[in-house]
Amino acid sequence: MTPDSGPTLIYAYTRSQAIADGVLVDVTEQAKAIGFKLHTVVTDHLFHGYVEVPAGLEGEGQSVTGRLHDLMVLALFAARRAVNADRVTFKVDFLMAPGRKETIEVIAHIGPGDHGEPVLTIMLPEDD
């Protein structure tokens with residue numbers, strides 16, 4: 001390495017690899033149905049921790065489709081408020097047990113994809 005060349009890249013973990021590994025969950029089709037135009041993923045922590053319906057809520061009218069729809073609509077509203085920003089935070093209420101809601105903070109971030117294209121990642125703050 002020469003003094004002006006910067007650090008040498010040893011390993012890169014691509015977005016495609018993260019999707020294949022399940023670290024990111026591709027929700028692009030659902031996002032397009034809501035109005036997003038970018039390739040969109042949700043982190044596995046957010047998806048499995050909140051979008052998937054917790055046990056015991058089967059009779060409460062909860063579904064992955066409905067919970068994901070609610071998350072994506074709130075992300076869209078938050079994105080429309082963001083001006084000249086690559087990220088926005090917003091709050092979402094999820095029913096976690098009969099009669100018990102949990103309010104979480106979520107980040108929607110637009111950044112470069114594997115080939116420099118703009119992509120959207122929806123995540124929990126600890127996933128950032």
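Select helix α3 (residues 44–51) and helix α4 (residues 64–81): they pack at an angle of about 125°, and their axes are 10 Å apart. Axes here are lines fitted to C-alpha atoms, for helices over the stretch in contact, and angles run from 0 to 180 degrees between N-to-C directions. Helices (H or I, at least four residues) and strands (E, at least two) are DSSP runs, numbered from the N terminus.

This is a predicted model, in which local features need pLDDT of at least 70, side-chain atom pairs count only at pLDDT 80 or more, and totals for chains, interfaces and linings use all residues. Residues are numbered from 1 along each chain as its sequence is written, and side-chain values use heavy atoms, with hydrogens and water left out.

Stay with the helix pair. α3 and α4 are therefore oblique to each other. Angles under 35 degrees count as roughly parallel, over 145 as roughly antiparallel, 65 to 115 as roughly perpendicular and the rest as oblique. Now show the side chains. α3 brings Leu46, Phe47, Tyr50 and Val51 to the contact, and α4 brings Val64, Arg67, Leu68 and Leu71. Contact means heavy atoms within 4.5 Å.

Next, select the sheet. It is open, has five strands in the order β1-β2-β5-β4-β3, and its pairing is mixed. Two strands pair if DSSP finds at least two bridges between them. β1 (24–26) and β3 (87–97) stand at the edges with a single partner strand each, so one side of each has no neighbour in the sheet. From one strand to the next, the twist averages 30°.

Look at β1 and β2. They pair in the antiparallel sense over three bridges. Asp26 stands opposite Val41 in β2.

Bring the helices back. α3 lies across β1, β2, β3, β4 (100–112) and β5 (118–123), and runs at about 65° to β2. α4 packs on the sheet too, touching β2, β3, β4 and β5; its direction makes about 155° with that of β3.

Now pick Thr40, in strand β2 (residues 39–43). Is Thr40 buried or exposed? Thr40 is buried, with a relative accessible area of 0%. Buried means under 20% relative accessible area, exposed over 50%, partly exposed in between (1.4 Å probe, protein chains only). Beyond its neighbours within four places in sequence, Thr40 has contacts including Arg15, Val25, Met72 and Ile122.

Last stop: Asn84, in the loop between α4 and β3. Asn84 is exposed, with a relative accessible area of 81%. Its phi is near 55°, a positive value in a residue other than glycine.
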